[in-house]
Amino acid sequence: MDILEYIKPELLILIPVLYIIGMGIKKASFIANKWIPLILGGCGIVLSIIYVMSTSPFNSVQTVFMAIFTALTQGILVSGVSVYANQIFKQFMNKDKADSTDTE
């Protein structure tokens, strides 16, 4: 199962955008690291809502609820992938550091 299959192609750009926002928050250092995933989740949902609301026709109550559902799930997914990418990057960098100290 590839999680990227569940994210709308138009919203894939939010993954690096959220990653950069997370790095900016971390550099600002006025917010504890434990809150960054939650903030990115909120940002991802808001950005997804903006996109879905601007591209969806609202003909009925059903389409409104479908747009809300789509925006929420897409926001959570892109935020999750962004945080996951950051964790993979951290572990890769820590592995490189551990490997270089083992050989010396």
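The legends below describe close-up views of a predicted model.

Residues are numbered from 1 along each chain as its sequence is written, and side-chain values use heavy atoms, with hydrogens and water left out. Because the model is predicted, local features need pLDDT of at least 70 and side-chain atom pairs count only at pLDDT 80 or more, while totals for chains, interfaces and linings use all residues.

**View 1. Confidence along the chain.** The chain has a mean pLDDT (the predictor's confidence in each residue, from 0 to 100) of 87. A value of 70 or more is reached by 90% of its residues. Among the elements (helices are DSSP runs of H or I with at least four residues, strands runs of E with at least two, numbered from the N terminus), helix H2 (residues 36–55) has the highest mean pLDDT, 94. The lowest, 85, belongs to helix H3 (residues 61–102).

**View 2. The largest nonpolar core.** A nonpolar core is a set of buried Ala, Val, Leu, Ile, Met, Phe, Trp, Tyr and Cys residues joined through side-chain atoms within 4.5 Å; buried means under 20% relative accessible area, exposed over 50%, partly exposed in between, with a 1.4 Å probe and protein chains only. The largest such core has 10 residues: Ile7, Leu11, Leu14, Ile15, Leu18, Ile25, Ile36, Leu40, Val78 and Val81. H1, H2 and H3 each give two or more residues to this core, and H1 gives the most, with four.

View 3. Ser48 lies in helix H2 and counts as buried because its relative accessibility is 0%. Not counting residues up to four places away in sequence, Ser48 is in contact (heavy atoms within 4.5 Å) with Leu11, Leu14, Ala71, Gln74, Gly75 and Val78. With neighbours within four places in sequence left aside, the contacts of Leu11 are Ser48, Tyr51, Gln74 and Val78. Ile31 is 17 residues from Ser48 in sequence and 23 Å from Ser48 in space, C-alpha to C-alpha.

**View 4. Surroundings of Thr70.** Thr70 is part of helix H3. Its relative accessibility is 15%, so Thr70 counts as buried. Apart from neighbours within four places in sequence, Thr70 is in contact with Lys8 and Val52.
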